[in-house]
Number of protein chains: 2
Amino acid sequence: MKQKITVIKVGGKIVEEKESLDNLLDRFASIEGNRILIHGGGRSATRIAEALGIESRMVNGRRITDSDTLKVVTMVYGGLVNKNIVAGLQARNVNALGLTGADCNVIRAHKRTSEDIDWGFVGDVDSADGAMLAKLINEGIVPIMAPLTHDGNGNLLNTNADTIAAETAKALAPHFDVTLTYCFEHPGVMRNPDDPTSLIARIDSDSYKALLADGTISGGMIPKIDNAFNALEGGVSRVIITRADAIDGNSGTHIVA
Amino acid sequence: MKQKITVIKVGGKIVEEKESLDNLLDRFASIEGNRILIHGGGRSATRIAEALGIESRMVNGRRITDSDTLKVVTMVYGGLVNKNIVAGLQARNVNALGLTGADCNVIRAHKRTSEDIDWGFVGDVDSADGAMLAKLINEGIVPIMAPLTHDGNGNLLNTNADTIAAETAKALAPHFDVTLTYCFEHPGVMRNPDDPTSLIARIDSDSYKALLADGTISGGMIPKIDNAFNALEGGVSRVIITRADAIDGNSGTHIVA
């Protein structure tokens, strides 16, 4: 039987404020067994860019990454945010190791090409090296992954953290029984966003069809859940959508094949 | 017989300009066998700090590191400089892994205390984990170390890169036959700094005494060579002082016990 691993993705907001970061690190440290954390950091990147006089240009929530912006996200994601998480976890006796996709060549990507928009140094993932990550994890190391990849030609690339989480989870599936947990601001997928008791505890492919048909799931939630099913098809055992203060593996909405 | 390893320390100037960085990475990639690189980055830190309106205060060439300055060096050393080296080496088929002292807990330090000066978040090294580094190296990984350590309580600390190089070299000595190479602007220790043919190819403890007695070695070179002998006493096999374009292991001044 494969060992279990929990792959947790948290957005920038959680890891950029001391109190929510401390709470997250306490909870992450208390998870038993193998773990990986993937983090964002967009708010800090925007703030540092602004302080440096570099304009942040976003399209559909994604950052256009010219060479100056690439320097900012390399500093903020790979340095400031990542290393503070690593130091905070070491203080909690978690043997954290900060990684970008360039480190140990764990995530290769290519520069996004688009006819409409010049995204600059934005990367779409080609491959994640699950065997290398498994080797580190089996040494007791806990990878902390920044949303940066590389193209193998010396260029770092700015890459969406949700995508890194999904690709990492799939790459680990041959080696581990993988739970992929996405943290967001709600307790999970809700029948009624205004009613905290309306959490949908479990979605499988049949119930997903029904929830789509009756309009319970709509809008921005659809790509999230499509991504979850994509991860399940890639060998991930379960995907959980939950709040960052409920990453115990029991809370939230569990999406299964 | 122990395997050989080359521990190379390069200052900020080399790694912060594209042409000299590319040259260094070409040479570093061509070194056979096990390797570690320790880098600085002070010039970029000063430049980014200035752009952010943070004053850089130096005492004896060391940076006073208040909490804003710590953020800058964490971004610049741990992110910008380190990750660009890592991506550049991956492009040269070197399986580089960027590390601060917090990553895998490889270098512990404590905040420097001084009666005269409040250094802020400056760290003096307590211990380097040679066994963990050896484990990574034996997996074919090439550590690239930024001049940052941690105190085990969640604080990153700004730490002199020369010191990190020496402590890392000593910690690796039980596991490898270690050559510690310090790159600087001259071809090595010179009898006459103005005469490039006056390189002293080899210094041992006897010849060092003679060179001190006749005044050939003086001033700022004395602490450098004292540090080299300290590393030799700590089990390092040889220390080389050379230029960054001559890290082949043959050039420069070789200091031996």
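Strands, in the sense used here, are DSSP runs of E that span at least two residues and are numbered from the N terminus. In this predicted model, one such run in chain B is strand S2, which covers residues 34-39 and includes Ile38(B). Leaving aside residues up to four places away in sequence, Ile38(B) touches Lys9(B), Met145(B), Ala161(B), Ile164(B), Ala165(B) and Thr168(B). For Ala161(B), the separation along the chain is 123 residues, yet its C-alpha atom and that of Ile38(B) are 6.6 Å apart.

Turning to chain A, the secondary structure consists of eight helices and 14 strands. The radius of gyration is 18 Å, close to the 18 Å that the globule rule gives for 257 residues, so chain A is as compact as a globular protein of that length. Along the principal axes, its C-alpha atoms fill a box of roughly 45 × 45 × 35 Å. Of the contacts in chain A between residues at least 6 apart in sequence, 71% join residues at least 24 apart.

The two chains also meet: 33 residues of chain A are in contact with 34 residues of chain B. On the chain A side, helix H4 (67-90), strand S5 (96-99) and strand S9 (148-150) each give two or more residues, and H4(A) supplies the largest share, with 12 residues. By class, this side of chain A has 14 nonpolar, 14 polar and five charged residues.

Key:
Residues are numbered from 1 along each chain as its sequence is written. Chains are lettered from A and ligands numbered from 1 in the order in which they are written. This is a predicted model: local features need pLDDT of at least 70, side-chain atom pairs count only at pLDDT 80 or more; totals for chains, interfaces and linings use all residues. Helices (H or I, at least four residues) and strands (E, at least two) are DSSP runs, numbered from the N terminus. The radius of gyration is taken over C-alpha atoms; the globule rule is 2.2 Å times the number of residues to the power 0.38. Two residues are in contact if their C-beta atoms, placed from the backbone, lie within 7 Å. Ala, Val, Leu, Ile, Met, Phe, Trp, Tyr, Cys and Pro count as nonpolar, Asp, Glu, Lys and Arg as charged, and the others, Gly among them, as polar.
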